[in-house]
Amino acid sequence: MLAPVPRPPGSLAVRCSRALLSPRSRLSMLALLLLSAAALVVLYEPQRLLASGWPPQTSGAGAVLLFGLAYGVCTAAFVPRPVLNLAAGALFGSAAGLTAALAGTVLGAGIAFTLGRLLGQDALRPMVRGRWLTAADGQLSRHGFRSMLAIRLFPGVPFAAANYCAAVSRMGYVPFLVATGLGSVPNTAAYVVAGAQAGEPGSPAFLFSAGFIVLSGVAAAVVAWRKRHGLRAPARVTAPEPESELEPETAVGAGR
């Protein structure tokens with residue numbers, strides 16, 4: 001009777017590790033993390049900072065640092081940045097609030113970019129098909145800095161969506177983080193100043209920041225509409241291609 005062939009040691013562990021580290025498994029882990037983060041946001045409601053204020057146990061530079069860290073985690077968990085920016089201004093004033101908000105913006109973008117790059121890129125890149133997705137991926141991969149800078153300057157693209165789209169592309173860390181930091185300054189400053197001056201809605205600073213927020217939103221809507229219109233136009237021009245393919249056959253038939 002033949003003796004059973006011994007299995008190589010650790011083969012089960014190797015197969016399990018490969019299954020856990022496969023692109024689909026990592027994408028499932030990313031989805032689970034994002035769903036858990038969204039559930040925590042709904043449960044704890046970070047926007048209550050606008051009403052209840054910062055815990056009295058922390059103050060000074062330590063409070064600004066702690067807020068910046070919390071800001072980064074919250075943005076990675078889909079908390080809207082305008083709410084956090086208003087809270088930063090209301091809690092710490094314009095200068096310290098802007099510092100905390102910008103630091104938290106870059107931190108949150110880095111967290112989301114890292115999660116998307118490590119857990120989602122390998123599984124999602126094969127799905128980048130279609131005219132719009134291919135164009136967006138090519139733009140971010142080839143012109144990452146200027147594309148991300150434009151996205152941050154115009155508030156029409158959701159912060160989290162831009163982070164994960166950039167992570168799926170081939171954009172580098174440094175261009176992504178630098179463009180995020182620079183491009184987020186105007187809009188973030190407007191919200192922070194508005195939060196700091198919320199007690200004086202008739203002040204010039206509040207009116208200027210509120211006007212900037214409105215104008216930037218309108219500009220983003222106009223740019224988005226023009227881009228969408230431009231993408232539709234080529235489709236209408238290329239629609240009659242099947243008819244052109246029949247022309248050679250018609251000409252051959254006529255020659256007969």
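From the N terminus on, the elements of this protein run α-α-α-α-α-α-α-α-α-α-α-α-α, which amounts to 13 helices and zero strands, where helices (H or I, at least four residues) and strands (E, at least two) are DSSP runs numbered from the N terminus. The model is predicted, so that local features need pLDDT of at least 70 and side-chain atom pairs count only at pLDDT 80 or more, while totals for chains, interfaces and linings use all residues. Residues are numbered from 1 along each chain as its sequence is written, and side-chain values use heavy atoms, with hydrogens and water left out.

**Overall packing and surface**

- Of the 256 residues of the protein, 31% count as buried, a class that means under 20% relative accessible area, with exposed set at over 50% and partly exposed in between (1.4 Å probe, protein chains only).
- The accessible surface of the protein comes to about 15800 Å², and 71% of this surface belongs to carbon and sulfur atoms; accessible areas come from the Shrake-Rupley method with a 1.4 Å probe, and for residues only the protein chains shown count as cover.
- Among contacts between residues at least 6 apart in sequence, 77% join residues at least 24 apart, a contact being heavy atoms within 4.5 Å.

**Nonpolar cores**

- The largest nonpolar core has 16 residues, of which Phe67, Tyr71, Val79, Leu84, Ala88, Phe92 and Ala101 touch the most other members; such a core is a set of buried Ala, Val, Leu, Ile, Met, Phe, Trp, Tyr and Cys residues joined through side-chain atoms within 4.5 Å.
- Helix 2 (23–44), helix 4 (60–76) and helix 5 are the elements that give two or more residues to this core, and helix 5 gives the most, with six residues.
- Apart from this core lies another one, of ten residues, among them Phe113, Leu140, Met171 and Ala179.
- Leu84, a member of the largest nonpolar core, touches Phe67, Tyr71, Cys74, Thr75 and Val79 when residues up to four places away in sequence are not counted.

**The loop between helix 4 and helix 5**

- Phe78 lies in the loop between helix 4 and helix 5, and this residue counts as partly exposed at 35% relative accessibility.
- Most residues other than glycine have a negative phi.
- Phe78, although not a glycine, has a positive phi of about 75 degrees.

- Gly195 is found in helix 10 and is buried, with a relative accessible area of 8%.
- Gly93 has its place in helix 5 and is partly exposed, with a relative accessible area of 23%.
- Beyond its neighbours within four places in sequence, Gly93 is in contact with Ala88, Leu98, Val192 and Ala196, while the C-alpha atoms of Gly93 and Val193, 100 residues apart along the chain, are separated by 7.5 Å.
- Leu91, which also lies in helix 5, is partly exposed at a relative accessible area of 26%, and a separation of 9.7 Å is found between the C-alpha atoms of Leu91 and Val192, 101 residues apart along the chain.

**Arg117**

- Arg117 lies in helix 5 and counts as buried, at 18% relative accessibility.
- Leaving aside neighbours within four places in sequence, Arg117 is in contact with Ala166, Ala167, Ser169, Arg170, Met171 and Tyr173.
- The C-alpha atoms of Arg117 and Asn163 are separated by 9.9 Å, with the two residues 46 residues apart along the chain.

**The second largest pocket**

- About 340 Å³ of space lies in the second largest pocket, and of the 20 residues that line this pocket, the closest to its centre are Arg81, Pro155, Val157, Pro158 and Phe159.
- A pocket is defined on a 1 Å grid over the protein atoms alone, as an open set of points where a 1.4 Å probe fits, with protein on both sides within 12 Å along at least five of seven lines, and lining residues have an atom within 4 Å of a point; grid points are joined across faces, edges and corners, and the volume is the space filled by probe spheres set on the points.
- Helix 5 (81–124), helix 7 (144–153), helix 8 (159–168) and helix 10 (185–196) each supply at least two residues of the lining, the largest share, four residues, coming from helix 8.
- By class, the lining has 14 nonpolar, four polar and two charged residues, where Ala, Val, Leu, Ile, Met, Phe, Trp, Tyr, Cys and Pro count as nonpolar, Asp, Glu, Lys and Arg as charged, and the others, Gly among them, as polar.
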